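Let's take a walk through this fold. Have the sequence and the 3D view ready.

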Amino acid sequence: MHLTHLECPRCGRDHPADVLQNLCGCGSPLLARYDLAEVAATVAPEQFGLRPADLWRYRELLPVADPRCVTTLGEGWTPMWRAPAYGHEIGIADLLVKDEGLTPTGSFKARGASVGVSRARELGVEHIAMPTNGNAGAAWATYAARAGMGATIAMPLAAPTICREECLAAGADLRLIDGLINDAGRDIAELIAGSDGRIFDAGTLREPYRLEGKKTMGYEIVEQLGWQVPDVIVYPTGGGVGLIGIHKALHELRELGWVEDRLPRLVAVQSTGCAPIVRAFAAGEDRVTPWEDARTVAFGITVPAPLGDELILSALRESAGTAIAVDDAEILTDLRDFATREGLLLCPEGAACLTAARHLRAGGWIRPGERVVVLNTGAGLKYPGLVQGGAPS
């Protein structure tokens, strides 16, 4: 393992990686750092193609030393489909969709759960707890069960029913909350405070290793394009861990010398019903103001005040990217149109990225001939009723 330490991006303080860590004392999430010179001397990009088709092919850039602690269901190495018919319709000839719906538990959350649970297992954790909008809780409950850990998951009542059932099937202690994810977060905080250290907080960005699983989406995009970077990556943003992770991966790849200096422009996509990142980005601010009365059909991005707001906004600005909010009615229209033209049923969060790409191309921000990668973060089958029934009332 080439993990060296954890670093606070806000105050610059280093933390040891061989003990359990949550947030820095200043309140910021921590980032895992590696000896990248040592990694570059150990492995070459062409070697990854000889390894199993899962995210653990990048083991030198992941934080787990003991292979016996690796908790896996084959997650990662998801396909990246070309979408020529829909791309032609919206004026993006080189449009690709990275389909995370084919991961275990049906969403990209399996990546963070696999690496996060594996590292927690290596550091001696026996019980994890977290708030969730649905898919993350389902994934962490599943991987915790596979690792022999206990799990407590707090989830809004309005979350997709299948996610609730996945948690129960995995034997998790499921708490249903009449509210949003921030309300679920308060419930988990009280539980952990009274646990005398027996329960580990695995909430979004409250431990450093979920992010390391999510960053493998960035590695895969680049490897699947023949170690070339696209021009634009469009990502549905709630807690923003995937966007932060992709940004981190791209910078690691550049430091390793495996890609050129030019990196993709990143786009954070939110709904007009919950757009704290879009509002802060437009105002030139570094932190968000919590969004009041948040609601959207794209339930996974209903996060009124993401903990990683500084990191999301920094990634957008450093990459010359942007943030855009799209309307629920358009999300559902594009979900149906894409399925009709390309034969793939996206999750609403993935469809939001199509809507965003369409608007950005129409406005000229995405230029003719650019290669655009859209992330479909989950299986459309987890959201029954959206195609015929429309948005919930």
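This is a predicted model: local features need pLDDT of at least 70, side-chain atom pairs count only at pLDDT 80 or more; totals for chains, interfaces and linings use all residues.

Residues are numbered from 1 along each chain as its sequence is written, and side-chain values use heavy atoms, with hydrogens and water left out.

The open sheet has 6 strands in the order E4-E5-E13-E10-E11-E12, with mixed pairing. (Strands are DSSP runs of at least two E residues, helices of at least four H or I, numbered from the N terminus; two strands pair if DSSP finds at least two bridges between them.) Strands E4 (80–82) and E12 (322–326) each have a single partner, so one side of each lacks a neighbour in the sheet. Further in, E5 (residues 94–99) and E13 (residues 371–376) run parallel, joined by 6 bridges, and aspartate 99 sits opposite asparagine 376 in E13. Helix H9 (residues 241–256) packs on the sheet, touching E10, E11 and E13, while helix H11 (residues 309–318) touches E11 and E12.

Now for leucine 360, in helix H13 (residues 348–362). Leucine 360 counts as buried because its relative accessibility is 9% (buried means under 20% relative accessible area, with a 1.4 Å probe and protein chains only). Beyond four places in sequence, its contacts (heavy atoms within 4.5 Å) include Thr322 and Ile324.

Arginine 119, in helix H3 (residues 109–122), is buried too, at 4%. Its side chain reaches the backbone oxygen of alanine 17 at 2.5 Å.

Definitions and conventions
Buried means under 20% relative accessible area, exposed over 50%, partly exposed in between (1.4 Å probe, protein chains only). A polar contact is a pair of N or O atoms within 3.5 Å; within protein, one must be able to donate a hydrogen and the other to accept it, and residues adjacent in sequence count only if both atoms are side-chain atoms. Axes are lines fitted to C-alpha atoms, for helices over the stretch in contact, and angles run from 0 to 180 degrees between N-to-C directions.
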